[in-house]
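Thanks for coming. Please have a look at the sequence and structure first.

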Amino acid sequence: MNTDFSQKDGKIWLDGVLVEWADARAHVLTQGLNYAGSVFEGIRAYEGEAFRLADHIQRFQTSAALMGFKIPYSAEEMESACKTILKHSGLSEAYIRPVAWRGADRLELSQECRVHCAIACLEWTSYFREDGISLQIAKYRKPGPRFAQVQSKTAANYAMPALAKSEAEKAGYDDALMLDDAGYIAEATASNIFLVQRGIVKTSLPAAALAGITRAEILDICRRHDIPCEETNLTIKEVFEADEVFVCGTAAEITAVARVETKSYKCGPLTNFLRSEYLNLVRPSQRSKSGKGESLKYAELLTHSRDERSYDIATDPLIHEAWLRTRNKMDEAADEPAKPQAKRA
Ligand code: PMP
């Protein structure tokens with residue numbers, strides 16, 4: 001996206017007041033900027049209503065708590081500020097970005113800083129192209145719960161995914177698919193991953209992946225429609241053998257994956273079905289068609305967040321590289337016209 005987000009018309013909610021867009025600044029010496037001491041949220045509004053606002057604000061507060069600080073506003077105050085800024089923007093389809101960061105009270109590493117908080121509301125339609133995206137397998141891994149606060153949307157967790165996405169884009173892909181430290185599939189850089197294999201919908205465990213709100217909605221849609229679904233350790237082999245692959249998230253919604261490395265996929269029937277159910281759910285005027293409108297409890301989503309991985313030789317990086325090469329050869333062989341079989345003497 002080529003827009004300068006620091007120069008727009010309108011207002012931003014900053015520490016409790018509405019300020020001019022260009023005046024919503026933080027000092028260069030903030031802990032947030034220097035040591036990634038910040039957390040953020042991404043919320044979409046459809047038809048003027050923020051979808052799952054309470055869950056996002058609860059995650060915002062949890063993200064800060066996991067990083068050792070407290071958002072200086074209650075959940076009710078944050079929700080009301082999001083609604084105010086949405087209304088003020090005049091947008092009905094919008095992306096709301098709350099962000100909180102440790103201030104510049106101290107330069108040495110410390111928790112003891114004033115926490116600032118801002119909320120911006122932007123026009124944002126599609127995160128990804130809609131005809132299916134391509135994913136490169138990133139060379140960096142996502143850290144698990146022994147190495148990071150995986151369930152916090154802290155800036156600290158986005159440095160390597162941002163690099164992975166840039167490298168993927170330079171190589172001609174749309175995004176990167178990241179493995180976890182044990183070699184299982186974690187997620188894309190800012191969205192969760194699903195695959196469909198022989199009618200079963202599968203997604204990775206939220207061990208090194210964020211337990212996304214959209215991910216939980218999709219699992220819920222599957223359960224309501226008796227579509228078999230699993231949260232499990234996913235291997236790269238399963239991704240290559242899948243019939244359909246898609247990513248999901250508040251910004252990404254449900255986006256089909258058209259290619260992972262050399263393997264191509266069609267946007268299949270389950271991806272299309274789940275996508276249309278999800279898009280009915282998020283729009284207040286369509287919600288009755290999906291038969292569900294009540295909010296999920298974010299705390300309940302986290303009950304699934306556990307580390308159930310153990311090291312598996314089949315996901316060893318060297319074996320995985322070999323599998324990639326084998327798979328490429330298999331694809332090339334499948335594309336070649338069949339050679340006549342040699343007759344046995
Ligand atoms: N994983 C990561 C790393 C993300 O940043 C996001 C976007 N918040 C997701 C998954 C999807 O989460 P959600 O559906 O809650 O937006």
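I start with the largest nonpolar core, which has 24 residues. By nonpolar core I mean a set of buried Ala, Val, Leu, Ile, Met, Phe, Trp, Tyr and Cys residues joined through side-chain atoms within 4.5 Å. Buried is under 20% relative accessible area, exposed is over 50%, and partly exposed is in between, with a 1.4 Å probe and protein chains only. The residues with the most contacts inside this core are Trp13, Ile71, Met78, Ile96, Ala100, Cys117 and Ile119. At least two residues each come from strand E4 (43-46), helix H2 (53-66), helix H3 (75-89), strand E6 (94-102) and E7. H3 gives the largest share, 5 residues. Another core, of 21 residues, lies apart from it, and includes Ile133, Leu135, Leu179 and Leu195. In soluble globular proteins, nonpolar side chains tend to be buried together.

Before going on, the conditions. This is a predicted model, where local features need pLDDT of at least 70 and side-chain atom pairs count only at pLDDT 80 or more, while totals for chains, interfaces and linings use all residues. Residues are numbered from 1 along each chain as its sequence is written, and side-chain values use heavy atoms, with hydrogens and water left out. Helices (H or I, at least four residues) and strands (E, at least two) are DSSP runs, numbered from the N terminus.

For the protein chain overall, there are 10 helices and 16 strands. Of its 345 residues, 50% count as buried. With contact meaning heavy atoms within 4.5 Å, residues 24 or more positions apart account for 71% of the contacts with a separation of 6 or more.

A polar side-chain atom of Glu187 is 2.6 Å from a nitrogen atom of the ligand. The side chain of Thr250 has an N or O atom 2.6 Å from a ligand oxygen atom. For Ile213 the backbone is involved, with an N or O atom 2.8 Å from an oxygen atom of the ligand. The ligand taken alone exposes 380 Å², and the protein buries 95% of that; these areas are Shrake-Rupley values with a 1.4 Å probe.

Two of those residues come up again at His56, which lies in helix H2. Leaving out residues up to four places away in sequence, His56 touches Glu41, Gly42, Ile43, Phe51, Ile213 and Thr250. His56 and Ile213 are 157 residues apart in sequence, but 8.0 Å apart C-alpha to C-alpha. His56 counts as buried because its relative accessible area is 1%.

Last, Arg129. Arg129 sits in the loop between strand E7 (115-122) and strand E8 (133-137). Beyond neighbours within four places in sequence, Arg129 is in contact with Asp174 and Thr255. Its C-alpha atom is 9.3 Å from that of Ala252, 123 residues apart along the chain.

Note on methods: A polar contact is a pair of N or O atoms within 3.5 Å; within protein, one must be able to donate a hydrogen and the other to accept it, and residues adjacent in sequence count only if both atoms are side-chain atoms.
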